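Here are some notes for a colleague who is meeting this structure for the first time. Please keep the sequence and the model in view while reading them.

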Amino acid sequence: MTINKPEKFENEILDETNEILSGVSEMTYLQRCFLNGIIRQTKPKKILELGVSAGGSSAIILNAIKDFDRSKLYSVDYNKKWYRDNSKDVGFIIDEKFSHLKNNWKLYTEGTAAKYMEEIGSEIDLCFIDTMHINPGEFLDFLIVLPYLKKNAILIFHDIALHHIDKRCIT
């Protein structure tokens, strides 16, 4: 399979979410285009997302798979509450703005991926790792999910070296 310029692929699908996500997503517009394009081009059936936060990337993924038969997103976040506002649950943007996409989503909170991988199961086509943004955490998450990935699965890391840009994230 050839993946060709995912950041330019079917952006009209992504544009349905951009206005809502511009204030919530921690991804740039180009990063959102890339994630949407990879999913639209490869049509994964089973997607694993590690790190949910407000749910911006969950919304991008759910919107990208909304017209795919039998595609499902499994999301895992260590926290139950959003780290920026303890009055909001992890993934709150899905309930608030994208509830019509929830049929293809299973959210797990209050634990690492290791706690839920047996329930999620194998044959994962695409894994998006977007957790603490520093290593070795992201690579340890990869090692946890590796046995559950399908052969030729797609793995996407987001911001694995944020600590080099913003020293506050390691204090």
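1. The model is predicted, and its protein chain comes to six helices and seven strands. Read along the sequence, these elements follow the pattern α-α-β-α-β-β-β-α-β-α-β-α-β.

2. The radius of gyration of the protein chain is 15 Å, which agrees with the value near 16 Å that a compact globule of 171 residues would have. Along its principal axes, the C-alpha trace spans about 40 × 35 × 30 Å. Of the contacts with a separation of 6 or more, 75% are between residues 24 or more positions apart.

3. Buried residues make up 48% of the 171 residues. The largest nonpolar core has 29 residues, and those with the most contacts inside it are Leu35, Ile39 and Leu126. Two or more residues of this core come from each of helices H1 (11-21), H2 (29-42), H3 (56-65) and H4 (92-97), and likewise from strands S6 (124-129) and S7 (149-157); H3 gives the most, with six residues.

4. Leu126 deserves a separate look: leaving aside residues up to four places away in sequence, Leu126 touches Ile38, Ile39, Pro44, Lys46, Ile47, Leu48, Ile154 and Ile156. A second, separate core has 15 residues, including Leu50, Cys127, Ile129 and Val145.

Notes: Residues are numbered from 1 along each chain as its sequence is written. This is a predicted model: local features need pLDDT of at least 70, side-chain atom pairs count only at pLDDT 80 or more; totals for chains, interfaces and linings use all residues. Side-chain values use heavy atoms; hydrogens and water are left out. A nonpolar core is a set of buried Ala, Val, Leu, Ile, Met, Phe, Trp, Tyr and Cys residues joined through side-chain atoms within 4.5 Å. Buried means under 20% relative accessible area, exposed over 50%, partly exposed in between (1.4 Å probe, protein chains only). Helices (H or I, at least four residues) and strands (E, at least two) are DSSP runs, numbered from the N terminus. Contact means heavy atoms within 4.5 Å. The radius of gyration is taken over C-alpha atoms; the globule rule is 2.2 Å times the number of residues to the power 0.38.
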